[in-house]
Amino acid sequence: MTTPALLPLSGRRIPPLNLGPPSFSHHRATLRLSEKFILLLILSAFITLCFGAFFFLPDSSKHKRFDLGLEDVLIPHVDTGKGEKDLGGFLIHGQGHDEHRHREEEERLRNKIRADHERALEEAKEKLKKSRETIQAEIETEKNKIAQEIKKKETKPLPPVPLPNLIGINGGEPEDEDTREKREKIKEMMKHAWSNYRKYGWGHNELKPIAMKGHSTNIFGSSKMGATIVDALDTLYIMGLHEEFKEGQEWIDHNLDFSVNSEVSVFEVNIRFIGGLLAAYYLSGQEVFKNKAVQLAGKLLPAFNTPTGIPWAMVNLKSGIGRNWGWASAGSSILAEFGTLHMEFVHLSYLTGDPVYFQKVMHIRKLLQKMDRPDGLYPNYLNPKTGRWGQHHTSVGGLGDSFYEYLLKAWLMSDKTDIEARKMYDDAIEAIEKHLIRTSNGGLTFIGEWKNGHLERKMGHLTCFAGGMFALGADGSRKDKAGHYLQLGAEIAHTCHESYDRTVLKLGPEAFKFDGGAEAVAVRQNEKYYILRPEVIETYWYMWRFTHDPKYRQWGWEATEAIEKYCRVRGGFSGIKDVYSSAPAYDDVQQSFFLAETLKYLYLLFSNDDLLPLDHWVFNTEAHPLPVLHLANTTLSGNLDLR
Ligand code: DMJ
């Protein structure tokens, strides 16, 4: 919007009407714009009045009137030092000067005032001639400009941080033809999943591959946050799918916005979005990912405003109001949710130099350390108001799983200096082995669920990740029990493979029993589904890395073929409702973790070990690789000295 030239005498434009500080709300900005029009009209009227007065007042009072009126409003007081006033290049002299020159000057002055006045009126008329739509569009543009300025001011530049050792971010090409072909096939599956999401679900959180449209669940809130894009980025990167990676980057740069009135799961957003963005940043070095991760983390912080500092399960990104899931025991927060923040939050403090993230997760750890644990086990539920445990249920599967994983990984990502985390992991695993791990009648090792002192002989697909965790934690274990833990990992991998092998489709059910004659099979109808989960393949991959036993690649390939045969549809990949049925129904969801985890672990299983080596990278629970940080002390002080 242009401002009419209100410059009657001084030749100096009156500056455009001040729009106020950019922190004013958009609403205020709209009002200011309307005020501008009103002011414009008042000023025009005022000039007309003065102009008229100039002609009708007696001669002697003209200059005086001029001084008192227009000068005060429009003319800067510039003292020339010669008893004269410089009025925009017109010198008005005192009495006794030549009458003729005086008239001429007066005439010129009058003409100038008239011309300026007419121009101002013309411009004002032009403005008022504009249609309502044009004016509204101009107001919108102005509002957007202000919003952009506010945004710019809010995004403080982050301090430059030396990148940790980033070894093996591409490569891994296998020598033998057969493995290379398998790896290529998995890459092709990734392309199929991505291109269909690109075509039918772009910007939505997930894809419905049968209906060929976008999909979402309540964990992502009510907004389109492109969960699949963020979750898939690092898989695209390591597969060398750089075009697709760029597409994702552009979407994130232009569309990923966290100022939305949407209630999201703190845990899911942390592992998928913050984890995904951080991994994409480390792999590609593109600042946009780091900035978005930090913006989002800021939106999660209000979730920690509870009487204990144990975060709520959900937070509204706009209002910062948090709450817990209605189904969780007596308003509790969930162990696997508030206990799966450490890796990402330590990286956030590392990248920003702001200890707040580190302090939040260390506070949780301190609180847990102080609490009594029934039978040495961590219950799945903790009330964030009272700081007391809810129901005494313990699981290495759903509701508990990644809490244990993150204790181990906190130690690994600190270059094994966070010995406090390692101790907590060792203690927890010892109690789990004692109370939850058993051998079935058929000789299968399984991890059951502990419910108020009773062991339920049921294992979830989610629990199968623990095979990989035991193998990963073998090195550095207490009393030199590395061999034992590697063996335990192998046994869990075997059991989970059995759970796949004993189905019709060779894909594993959601949960399987070791009870009443059942051996690694689902009994209840609502536990027979497979939703493209990664945990079994994740364990095959870790076991492959630590043993190079070819059976892990063989099992991984069986799963790949089954996914290709039964889950692949024209519009992507779908979960299936019953792995024991030869004519399964589709659930019509392509989960974002299929691209983030399942396909990534498969690709790594058929790659050489130099791709993302485990002594330099630690994978978060959503398979997003984060580099090991060589930190002095991240354990006890609460003052993070990261550099
Ligand atoms: C993933 O989102 C993560 O692995 C999480 O820790 C639990 N499981 C799902 C996939 O099954």
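Which helices and strands do the buried residues of α11 pack against? They pack against the helices α8, α9 (287-300), α12 (356-370) and α13, and against the strands β19 (617-619) and β20 (625-627). The model described here is predicted.

## The chain as a whole

The protein chain has 643 residues, and buried residues make up 56% of them. The chain contains 19 helices and 20 strands. Among its contacts with a separation of 6 or more, 69% are between residues 24 or more positions apart. The accessible surface of the chain comes to about 27700 Å². Carbon and sulfur atoms account for 52% of that surface.

## Helix α11

Helix α11 covers residues 342-352. Of its 11 residues, 11 are buried, so the helix is largely enclosed by the rest of the structure. To be counted as buried, a residue must have under 20% relative accessible area. The buried residues of α11 include H342, E344 and H347, as well as F345, V346 and L348. G353 follows α11, and its phi is positive, near 75 degrees.

V315 has G322 in β7 as its bridge partner.

A second open sheet has the order β10-β13-β14, and its pairing is antiparallel. Here β10 (393-394) and β14 (454-456) are the edge strands. Each has a single partner strand, so one side of each has no neighbour in the sheet. Two bridges pair β10 with strand β13 (residues 449-451) in the antiparallel sense. H393 stands opposite K451 in β13.

## The ligand and its surroundings

Which residues surround the ligand? They are I271, R272, L462, R533, P534, E535, F593, E597, T621 and E622. Helices α8 and α19 (592-605) each supply at least two residues of this shell.

| Residue | Distance to a ligand oxygen atom |
|---|---|
| R533 | 2.7 Å |
| E535 | 2.6 Å |
| E622 | 2.5 Å |

On its own, the ligand has 290 Å² of accessible area, and the protein covers 92% of it.

Most residues other than glycine have a negative phi. D415 has a positive phi, near 60 degrees, and is not a glycine. D415 lies in the loop between α13 (401-413) and α14 (419-435). Its relative accessibility is 37%, so D415 counts as partly exposed.

D480 also has a positive phi, near 50 degrees, in a residue other than glycine. It is found in the loop between α15 (465-472) and α16 (482-501). Is D480 buried or exposed? With a relative accessible area of 71%, D480 is exposed; the cut-off for this class is over 50%.

G476 lies in the loop between α15 and α16, where D480 is also found. At 42% relative accessibility, G476 counts as partly exposed. Leaving out residues up to four places away in sequence, G476 touches W411 and R422. The C-alpha atoms of G476 and K416 are separated by 8.8 Å, although the two residues are 60 residues apart along the chain.

Terms used: Residues numbered from 1 in each chain as written. Predicted model: local features only at pLDDT ≥ 70, side-chain atom pairs only at ≥ 80, totals over all residues. Heavy atoms only, no water. Pairing = 2+ DSSP bridges. Helix = DSSP H or I, 4+ residues; strand = E, 2+ residues; numbered from the N terminus. Buried < 20%, exposed > 50% of the residue type's maximum accessible area, 1.4 Å probe, protein only. Near = heavy atom within 4 Å. Polar contact = N/O pair within 3.5 Å; in protein donor to acceptor, adjacent residues only side chain to side chain. Areas by Shrake-Rupley, 256 points an atom, 1.4 Å probe, with all protein chains shown as cover. Contact = heavy atoms within 4.5 Å.
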